[in-house]
Amino acid sequence: MKFIKKITFIILFLSLNVNAFGAVSGFVDSKQVNQNIPMAIAFNPSGTKMFVVGMSQNKIYEFDLTTGFDVSTATKNSNECSFIGLGDDVVDINFNSDGTKLFLVDQGQDGAPETIEEFDLSTAYDVSSCTHVEEHFAGDFVGLVGIEFNTDGTKLFIYNTAGADSIKQYSLNSPYNLSNITLQKQSTGTSDKTFSTIESQPMGFTFSSDGSKLFITGTKKDKVQEFNLSTPFDLSSVSRTSAYDISNEIVAVGGISFSNDGLKMFVLDSNLNAANKDVNEYDLSCGFGVIKCIDPTANKDDVASAESQSEAAKKLIQHTTYPVLNRMEWLRRNSNRLNLTNQNIKFQFNNEILNSLTEELIPLYFSSNNSSDLNQNSSWSFWSEGTISIGKIGDTSNSSSKDINTSAITFGADKRSEDNIMRGIALRFGSDDVDVGDLGSALDMSSFSLTFYESKPKGGERFTDHLLGLSFINSDLLNNSGSISTDGERYGEQLYGSLSLRDTFSKNKLNFTPKIKINYGITHFGEYTETGAAGLNLKFDDQYIGNFTSSIGASLDNTYEFKAGSLIPYFDFEYYADMSPSSQQKFSYESDGSAYTFKNINNATHNIIGGIGFDLISNNGLTLMTKYTRDQAKDIKNDNFVIALDYKNSQKSFYSMSFQDSFAKLSHNKELDSLRINLDSHYELFKNNPDYGVNIMISNIK
C-alpha cells in the first residue's frame with residue numbers, strides 16, 4: 001500500500017510540473033473546409049474572420065466566426081479571392097499587419113516555377129477585393145513550404161525543401177516590400193537554418209507573436225515541433241524544446257496558426273479524404289505554450305522593462321534631490337545678496353494626513369523657536385526649477401536599449417534663521433517616459449515628491465546640506481510584442497535622503513568648492529497584473545529597491561558685476577559610485593501560475609557628471625539660474641537642462657500655492673495703488689490631457 005501511495009504521489013508531482021511549464025490543454029473542436037487539399041490557414045486580428053487556401057482550388061475561402069477564434073462558429077461567406085493562372089498548388093497564405101496586402105506561396109505545377117504572389121486588398125481582410133500586384137522569386141526555390149514575416153514586416157522567412165529542409169532569413173528595406181531584400185547569414189556563416197533531421201516532410205511553420213518561439217508541422221511525424229529563439233525573430237540561435245503529438249486527431253498534418261494571445265492553436269488536416277479536410281482547434285494553458293510557456297526572463301524587452309523600473313526609481317531620487325541641492329548651493333553662493341521679502345506661501349491639501357502635516361509639522365519645521373506660529377513678516381523666498389533630462393541606455397546581451405525622457409518642475413520655499421541655518425520645503429512634479437526596445441514597450445511614470453531640506457554652517461565657508469523626502473509614484477507599463485500588447489498600472493512609494501559636506505576656498509571673487517555627498521533611499525512598488533492578452537498576462541509581486549550612492553566632486557564659480565546686476569558663471573564636476581544592493585522581481589503567468597524571477601536587477605555604475613551654467617541676478621529682484629549637465633557611464637548617458645527662477649517681490653505682493661485632489665493651483669496677489677490684482681492658475685496633474693486654466697481679477701481697494 002505504501003508503495004502505491006508513493007507511485008501516486010510521483011505521478012501527481014510530475015503532472016503538476018508539466019502544467020507548470022505549460023502544454024496543450026487538449027483538442028477542442030474541428031471545422032470542415034471545402035478546399036481540395038487544405039494547406040494554410042490565417043485569421044484577422046480579432047479572430048472573427050478565417051481564411052483557408054489549398055492545392056488545386058485556385059481560390060482563397062473566407063469564413064465568418066461569430067465568436068473570435070472559435071471554429072465551431074465559423075460559416076463560409078461569399079467572399080473569395082480567385083487566382084486562376086497565378087497559382088496552382090498554393091501552400092501558404094500571409095497578410096501584412098493591417099490586412100491590406102496578401103501573399104500566396106505557390107509550389108507550381110507541371111513545370112511551372114514556384115513563386116510568391118503579392119495582392120493588394122482595397123478593403124482590409126476582405127479577400128474579394130484582392131488585386132494582383134507582382135510575382136516574386138519565380139524559379140528561385142524548390143519545394144516551397146511557406147513564408148513568415150516578423151511583426152513589423154522588416155524580416156522575411158522562406159521555408160523550402162531543396163537540398164536540406166531549411167529556412168532562409170531576409171531583411172527588407174521597407175515593411176512587406178519584397179522588391180529589394182538582403183539575405184542574412186547565420187552565426188555559423190551559412191545563409192539558412194536546417195531542420196531536416198527534425199521533420200523531413202514539413203508542411204507549415206509560424207512564430208509566436210513576440211518572435212521568441214518557432215513552430216514547425218509536418219506529415220512525417222505528425223507533430224507540432226517547438227523551438228526557442230534566444231533573440232526574437234533571429235534564427236542564429238535556435239534550440240528545440242520538444243514536440244506535441246497530434247496524430248490522434250489529424251491524418252495528414254498541414255499548416256499551423258495561433259490566436260493573437262496564443263491560447264488557441266489551429267492545425268489543418270490536409271488529407272485527401274473528404275472526411276478529414278478540416279481545421280482542428282486546440283486550447284493552450286498559456287500563450288504559445290505548446291510544450292512550455294514563453295520564458296519572459298529570456299526576452300530582452302521584458303528584462304529591459306524590469307530594469308527600467310529599477311533605474312527610474314533610482315533616477316527619481318537623483319532628479320528629486322538635485323534641484324534642492326542646487327537651491328542650497330545657490331543660497332550659499334549668493335548669501336550676501338539675500339534680501340528676502342514678505343511673502344505668504346500657503347500649502348493646502350485635500351487630504352487629512354497632509355493637512356495635518358502642513359498645519360503642524362511645516363510651521364514647526366520653519367520656526368526657529370519651536371513655535372507653530374508662521375509669522376507673515378518673516379523672511380521667505382519662493383523659488384522654482386524646471387528640469388528636462390534626455391538619456392539612453394544601450395542594449396546588452398540580456399536586455400534591450402532604453403530611451404529615457406524626464407521632465408519635472410519643482411516649487412520651493414525657504415528662509416534663513418538667526419543662526420544662519422537655511423530651512424526649506426520643496427514640491428516636485430515629475431514625469432519619466434522610457435521607450436524599451438523597438439517594438440513599442442514603454443514605461444510612463446508620474447511622481448509627486450515632498451522634500452524638507454536644511455543647510456547648516458560649520459564654521460567659515462563650510463556647510464552641511466541635508467534633506468529628507470517622500471515620493472508617491474504612479475506607473476503605466478506597456479509590454480508590446482509588435483502584434484499584441486499587455487499593459488498594467490503600478491503604484492509605489494519612496495523614502496529618500498541626501499547628506500553633503502562642502503567647503504569653499506575663495507580668492508578675490510573666484511570660489512573653489514570641493515564636496516562629498518551620499519544619497520540613500522528605498523522604493524516599494526506594489527503588485528499588479530497585466531491586462532490585454534489573457535494567455536500572456538503576467539502577475540507581478542511587490543518589489544523593494546534599495547538605493548545607495550556616494551560621490552565626490554567640486555565646483556568653480558566667479559562673480560562679474562555689471563550696472564544692471566551680476567553674472568556668476570560656474571562649473572561642476574562630480575564622480576559617483578552606485579553601490580545599491582541588487583533587487584529581484586517575482587512574477588507569474590496569470591493563466592496558469594507558472595512562476596519566474598528576474599534576478600540580480602542591479603544597475604550599479606560608476607558615473608562622471610559635468611555641469612556648466614550661470615546665475616544672472618538683476619537689480620530689480622529677478623534671478624535666473626541655468627545649467628546643463630552630462631551624466632556619463634559605460635553604455636549610459638543623460639543630458640539634463642535646468643532653468644530656475646527666483647523672484648523677490650514687494651511688501652504688497654504675495655504668492656499662494658495649493659494642492660487639492662489632482663489639481664495644483666498657483667495664485668499671485670498684488671496691490672498696486674488703489675487696485676488689487678489677483679492672478680490664479682490651475683493644472684490637473686497626472687493626466688495625459690490635463691485640464692488647466694488661468695484667471696485674472698482686478699478690484700478696487702476700499
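**Exercise 1. The chain as a whole**

Task: Find what share of the contacts in the protein between residues at least 6 apart in sequence join residues at least 24 apart, and how much of the protein counts as buried.

Solution: Begin with contacts, where contact means heavy atoms within 4.5 Å. Among those in the protein between residues at least 6 apart in sequence, 56% join residues at least 24 apart. The model is predicted, so to say: local features need pLDDT of at least 70, side-chain atom pairs count only at pLDDT 80 or more, and totals for chains, interfaces and linings use all residues. Residues are numbered from 1 along each chain as its sequence is written, and side-chain values use heavy atoms, with hydrogens and water left out.

Next take burial, for which buried means under 20% relative accessible area, exposed over 50%, and partly exposed in between, with a 1.4 Å probe and protein chains only. Of the 702 residues of the protein, 54% count as buried. The protein exposes about 31400 Å², and carbon and sulfur atoms supply 52% of this area, which comes from the Shrake-Rupley method with a 1.4 Å probe; for residues, only the protein chains shown count as cover.

**Exercise 2. The disulfides**

Task: Locate the disulfides in the whole structure and work out which of them is right-handed and which is left-handed.

Solution: A disulfide is a pair of cysteine sulfur atoms within 2.5 Å, and a search of the whole structure finds two. One joins Cys81 to Cys130, with an S to S distance of 2.2 Å. This pair links distant parts of the chain, since Cys81 is in strand β5 (residues 74–82) and Cys130 in strand β9 (residues 130–136), 49 residues apart. The torsion about the S-S bond of Cys81 and Cys130 is about 100°, so this disulfide is right-handed. Cys81 is buried at 0% relative accessibility, and Cys130 is buried as well, at 18%.

The other disulfide joins Cys286 to Cys293, with an S to S distance of 1.9 Å. Its torsion is about -110°, so the disulfide of Cys286 and Cys293 is left-handed. Cys286 is buried with a relative accessible area of 0%, and Cys293 is buried with 5%. With bonded cysteines counted along the chain, the pattern is 1-2, 3-4.

**Exercise 3. Aromatic rings**

Task: Decide how the rings of Phe207 and Phe233 are arranged, and which parts of the chain they tie together.

Solution: Rings of Phe, Tyr and Trp (its six-membered ring) pair if their centres lie within 6.5 Å, and planes under 30 degrees apart count as stacked, over 60 as edge-to-face and the rest as tilted. The structure holds 26 aromatic pairs. In one of them, the ring centres of Phe207 and Phe233 are 5.3 Å apart and the planes stand at 55°, so the pair is tilted. Phe207 lies in strand β15 (residues 202–207) and Phe233 in the loop between β17 (223–229) and β18 (238–245), so the pair ties together parts that are 26 residues apart in sequence. Phe207 is buried, with a relative accessible area of 7%, and Phe233 is buried, with 6%. Both belong to one aromatic cluster, formed by Phe157, Tyr159, Phe195, Phe205, Phe207, Phe227 and Phe233.

**Exercise 4. Strands side by side**

Task: Describe how β6 pairs with β7, and give the order of the open sheet of four strands.

Solution: Strands of a sheet pair through backbone hydrogen bonds, either parallel or antiparallel. Here two strands pair if DSSP finds at least two bridges between them. Five bridges join β6 to strand β7 (residues 101–106), and the two run antiparallel. Asn94 stands opposite Phe103 in β7. Six of the six residues of β6 (residues 90–95) are buried, so this strand is largely enclosed by the rest of the structure. The hairpin of β6 and β7 has five residues between the strands, and in this hairpin Gly99 takes a positive phi near 75°.

The open sheet has the order β30-β31-β35-β36, with antiparallel pairing. Its edges are β30 (528–529) and β36 (595–601), each with a single partner strand, so one side of each is left without a neighbour in the sheet. Strand β31 (residues 538–540) and strand β35 (residues 583–589) pair over three bridges, and Phe540 stands opposite Phe587 in β35.
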